[in-house]
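Dear colleague,

Please find the structure below, followed by notes on what was found in it.

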2 protein chains.
Amino acid sequence: MSDSKKSDIQIIQALRNKGYKATPQRITICRFALSSREHPSAQKVYSEVKKIHSTVSLSTVYKTLQVLKELGMLQELSSSLSQTRFDPNVKLHINLVCLQCSTIEDLDDPVERELIRRISGSAEFTVTEHHLDVYGVCRKCKTKAKA
Amino acid sequence: MSDSKKSDIQIIQALRNKGYKATPQRITICRFALSSREHPSAQKVYSEVKKIHSTVSLSTVYKTLQVLKELGMLQELSSSLSQTRFDPNVKLHINLVCLQCSTIEDLDDPVERELIRRISGSAEFTVTEHHLDVYGVCRKCKTKAKA
DNA sequence: CTTATTGCAAACACTTTGCACTCTC
DNA sequence: GAGAGTGCAAAGTGTTTGCAATAAG
């Protein structure tokens with residue numbers, strides 16, 4: 001089980017390991033960003049964290065999300081939605097982006113692995129990261145549309 | 001051969017078919033955007049078109065690129081690069097994005113089709129479009145790095 | 001006590017919009 | 001000649017940066 005849910009202690013250690021200080025703001029931001037499954041935007045993280053830490057600034061949120069990316073604990077998704085979204089699932093996976101409600105769902109498919117393996121195999125291009133973003137309408141919105 | 005290279009006459013017809021006027025600016029923009037294989041940004045299209053049509057504005061370029069998207073003649077790529085890039089190849093394909101030189105290359109792979117077919121098959125999500133963006137270092141930059 | 005971090009405001013880059021003038025059809 | 005399109009400048013986004021005050025180690 002490589003659960004992405006991290007305890008505060010794990011978060012603090014991960015930060016300190018790389019020489020980052022474990023400030024209360026950072027811990028709160030990390031706690032939310034690393035446990036959320038809704039692929040939050042920076043704004044979303046900000047408004048959630050603000051509930052707990054009313055003085056936190058958006059710029060601290062942006063900076064902390066960059067730190068988490070650097071630590072490899074967060075993936076940045078540049079979808080065609082206006083805002084960048086963040087995903088604590090850093091494993092190989094597909095993002096299902098609903099164009100109606102902006103929900104992003106994760107999906108696993110072994111074929112994807114095969115695909116990337118093949119691209120990496122052809123010595124023409126060295127793959128460092130990749131995103132498979134699929135756009136459409138999710139089940140919820142489809143059901144809603146019928147009504 | 002469904003060549004993406006369009007003649008001026010084809011461009012004019014496509015525009016008029018949908019009620020758009022075929023202005024010289026538009027034709028010049030289309031001519032470049034639809035034949036370029038370098039996945040140009042709006043800025044790039046602008047500076048190329050400016051060579052021919054010195055008074056063209058960036059806003060006209062943006063508007064025309066939207067029209068071309070609407071006509072299904074152009075695909076918008078929201079990569080993690082700062083600027084949106086446009087691709088006249090609207091068929092199913094993979095984008096190889098070089099993080100060093102910002103070059104984007106198209107790649108075809110039948111596995112991709114299978115992948116999308118499978119996602120569409122599971123009635124959970126209705127796929128309308130998708131992008132498979134692979135990031136890394138292209139052959140050119142790799143060779144350069146060795147030197 | 002040193003140094004990183006915070007939070008604010010200001011700067012940024014890309015894209016979109018409002019509007020008077022112009023050109024297509 | 002009617003209405004869409006142009007080009008300008010101005011507004012809008014989301015994100016980043018500079019810096020004095022603050023807090024972590």
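Which helices each supply at least two residues of the surface near DNA strand C? They are α2 (24–35) and α4 (58–70) of chain A, together with α4 (58–70) of chain B. Please keep in mind that this is a predicted model.

DNA strand C is surrounded by 22 residues, and the closest are A:T23, A:Q25, A:R26, B:R16 and B:Y62. Of the atoms of DNA strand C that come within 4 Å of the protein, 78% belong to sugar and phosphate. The largest contribution to the surface near DNA strand C is from α4(B), with 4 residues. By class, that surface has 10 polar, 6 nonpolar and 6 charged residues.

Some individual contacts to phosphate oxygens of DNA strand C:
- B:R16, through a side-chain N or O atom, at 2.8 Å
- B:T84, through a polar side-chain atom, at 2.8 Å
- A:T60, through a polar side-chain atom, at 3.1 Å

The largest nonpolar core has 27 residues, and A:I94, A:V134, B:I94, B:I119, B:F125 and B:V134 have the most contacts inside it. In chain A and in chain B, β3 (94–98), α5 (110–121) and β5 (125–138) each supply at least two residues of this core. β5(B) gives the most, with 6 residues.

A:V134 has partners in both chains: leaving aside residues up to four places away in sequence, A:V134 touches, among others, A:I94, A:L96, B:I116, B:I119 and B:F125. There is also a second, separate core of 22 residues, including A:A14, A:C30, A:A33 and A:V61.

Regards

Technical notes
Residues are numbered from 1 along each chain as its sequence is written. Chains are lettered from A and ligands numbered from 1 in the order in which they are written. This is a predicted model: local features need pLDDT of at least 70, side-chain atom pairs count only at pLDDT 80 or more; totals for chains, interfaces and linings use all residues. Side-chain values use heavy atoms; hydrogens and water are left out. A residue is near a molecule or strand if one of its heavy atoms lies within 4 Å of it. A polar contact is a pair of N or O atoms within 3.5 Å; within protein, one must be able to donate a hydrogen and the other to accept it, and residues adjacent in sequence count only if both atoms are side-chain atoms. Ala, Val, Leu, Ile, Met, Phe, Trp, Tyr, Cys and Pro count as nonpolar, Asp, Glu, Lys and Arg as charged, and the others, Gly among them, as polar. A nonpolar core is a set of buried Ala, Val, Leu, Ile, Met, Phe, Trp, Tyr and Cys residues joined through side-chain atoms within 4.5 Å. Buried means under 20% relative accessible area, exposed over 50%, partly exposed in between (1.4 Å probe, protein chains only). Contact means heavy atoms within 4.5 Å.
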